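Let's take a walk through a protein structure together. Keep the picture open beside the text and look for each part as we come to it.

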Amino acid sequence: MDVVAVEGLGKTYPGGTEALKDVTFQIAKGEIFCLLGRNGAGKTTLLRILATQLKPSAGRATVLGQDVERGAKAIRGRIAVVPQEARPNMMLSAWDHIRLMCLIRGMPRAAALARARKVMEELELWEHRNKLTADLSGGLRQRVILAMALVADAEILFLDEPTIGLDPLGRRKVWAMVRKLARDGVTILLTTHYLDEAEKLADRLAIIDKGRLAFLGTVQGAIAKAGMGTRVVVEPVAANGNGREVLSAKTDAEILAVVERALREGHKVTLKPTSLEEAFIQVVGGSIDEETS
Amino acid sequence: MKRPREVFYIGLFDSLPILRDPMLMIVISLFSFLPVLFAYIFAPQPQLAMQTIVGAIVLSLGFIGLFIAQSVYFYKYWHRFQDMFVASPVSPLSYAMGLAFSTLLGAAPATVVAFILLYLQVPYSVLALLQVLAVTVLFWLSMVFIGYTIGAVTKNTRRANSLPQVLGIVLGFLPPVYYTLDTLPPFLQPIALLIPSTNAAQLAKYYFGLISISTFEIVFGWVYLIAFVIGMGLVAVRRAHWVDP
């Protein structure tokens, strides 16, 4: 069952900037759907329209079966958002933010306190509960913002770059939480600039380029679409990078031929399958020449 | 009970920092009471000093109403809490009312002290107190609407901080709020009456028995204040968006 359906969606801001053009896709219940794109590609615009924060100017979008404009009220109680670059209030503690968010969303007092504690424990914030956020590290502050959304117990979570500022362990903790939420049937729409994050999390992804949908499918689909095959790096054993040769092989036979030749000549061979990052760069029309040369 | 609960918790969320660190309350109180201090020292008649206390009541509430601009701006553009509240069951009216009521906390000490001081000097009736409260609440509400509009439309942190202060001075100290209307040259008096704080102060001084004004001035004052509140309310509703266009 699709919980998000977007059809021919467009957005032109009052100043005339066209941020989205004719975007169409669906997201199924319990799916982790990643939106990728360069800065200013239109990811946040799309997320904000779906989270009922921004009016679309063309096309149609429904969330949980309700139109994002006409049925916004019905949608809002069932979703939660982590906005991009959100910052906690430095004069409030982590506990204040999360407990009050539960109460503001209408939870009964006892349930609000229990829910706030549970989410804080899951995000390892409980031991920091009484510290002002001014005294927390950047990563802990970001976790406070995440917790403010997670306490909502929403059916759909909109996460706009949720792991920005987190250390590698913190990011993995959030990934585990996102996966668990998806297993429990929560649908996740996530934007990120971390391609490894999308690679690890996304059931499906959309690449937005200059407001248009440039790719829609799975991670493997994106890599296959890039059509770059496997890169074979051949270099003399003690060359310190000199004489390095990067070959692109699209079939197993090609790879085998390159490897045999390199081994005969006593060279070191490294196989590098195409990553999502390389596929992304290919899709949005960038270049990876600098890295490979 | 759902909406009042939302208003209460949004108000609490916004006012907790002030409750934890009451410096803002002290600043507002000192700011509105400085002219009172000067008037007590330099005013030739005690009646004039009384008028400055009424001015302190009007300005404390008006000034703090304008300061909603900071909450609105920071919640929308800095903390991005507004986006979180939009994507929740919270109604825009609860949000606006919660932020508005939390401003009252900042003005509470100055206002209470002023009312007590005034009562000790010129005992007033409960009716007079209610009439003055009604006038000051109307003025506060108009300032809340102006502040809300400033906070919602400005995308500049410095402007969101400085505009309420500038407006507070323009509306509070320049017009006859702390001093009497007839201190102004006759040609400036009608112009001063086009400023809402003048009308609020004139009515408050009248209900406390400090000045006498004509029935026309009373009616004009009320009509002007109500019209100003409605006008500013319409501007705020038009310019402050819950869902961005």
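Predicted model: local features only at pLDDT ≥ 70, side-chain atom pairs only at ≥ 80, totals over all residues.

Start with chain A as a whole. Its C-alpha trace spans about 75 × 45 × 35 Å along the principal axes, and the chain has 11 helices and 13 strands. Of its 293 residues, 41% are buried.

Chain A is divided into two domains, with domain 1 covering residues 2-218 and domain 2 covering residues 225-292. Their C-alpha centres lie 37 Å apart. Where they meet, nine residues of domain 1 of chain A are in contact with six residues of domain 2 of chain A. On the domain 1 side, the elements that give two or more residues are α7 (195-201), β9 (204-209) and β10 (212-217) of chain A. The largest share, three residues, comes from α7(A). Sorted by class, this side has six nonpolar and three charged residues, and no polar ones.

Two of those elements are worth a second look. Strands β9(A) and β10(A) run antiparallel and are joined by five bridges. One of the pairs to find is A:Asp209, whose bridge partner in β10(A) is A:Arg212. Two residues lie between the strands of this hairpin, and A:Lys210 takes a positive phi there, near 50 degrees.

Now move to domain 2, which covers residues 225-292. Look for an open sheet of three strands in the order β12-β11-β13 of chain A, with antiparallel pairing. Which strands stand at the edges? They are β12 (245-249) and β13 (267-273) of chain A; each has a single partner strand, so one side of each is left without a neighbour in the sheet. Neighbouring strands here are turned by 25 degrees against each other on average, if direction is ignored.

Next, bring chain B into view. Here 29 residues of chain A are in contact with 23 residues of chain B. On the chain A side, β6 (79-82), α3 (94-104) and α5 (138-150) each supply at least two residues. The largest share, four residues, comes from α3(A). By class, the chain A side has 18 nonpolar, five polar and six charged residues.

Let's stay with α3(A) for a moment. This helix is mostly covered, with 10 of its 11 residues buried. Among them are A:Asp96, A:His97 and A:Arg99, along with A:Ile98 and A:Leu100. What lies over these buried residues? The cover includes α4 (109-122) and α5 of chain A, and also α1 (2-20) of chain B. After α3(A) comes A:Gly106, whose phi is positive, near 100 degrees.

Finally, let's look inside chain B. Two packed helices are described by the angle between their axes and the distance between the axes. Helices α7 (residues 126-153) and α10 (residues 196-207) of chain B pack at an angle of about 170 degrees, with their axes 9 Å apart. The two helices are therefore roughly antiparallel to each other. Among the residues that meet are B:Val132, B:Val135 and B:Phe139 from α7(B), and B:Ala200, B:Leu203 and B:Tyr207 from α10(B). By class, this contact has nine nonpolar, four polar and no charged residues.

Helix α7 of chain B also holds our last stop, B:Gly151. Is B:Gly151 buried or exposed? It has 27 other C-beta atoms within 10 Å, so B:Gly151 is buried. Leaving aside neighbours within four places in sequence, the residues in contact with B:Gly151 include B:Ile68, B:Val72, B:Tyr73 and B:Ala160.

Notes
Residues numbered from 1 in each chain as written. Chains lettered and ligands numbered in written order. Domains from an automatic or database assignment. Contact = placed C-beta atoms within 7 Å. Nonpolar A, V, L, I, M, F, W, Y, C, P; charged D, E, K, R; others polar. Axes fitted to C-alpha atoms, helices over the stretch in contact; angles between N-to-C directions. Parallel < 35°, antiparallel > 145°, perpendicular 65-115°, else oblique. Pairing = 2+ DSSP bridges. Buried ≥ 20, exposed ≤ 12 C-beta atoms within 10 Å, placed from the backbone.
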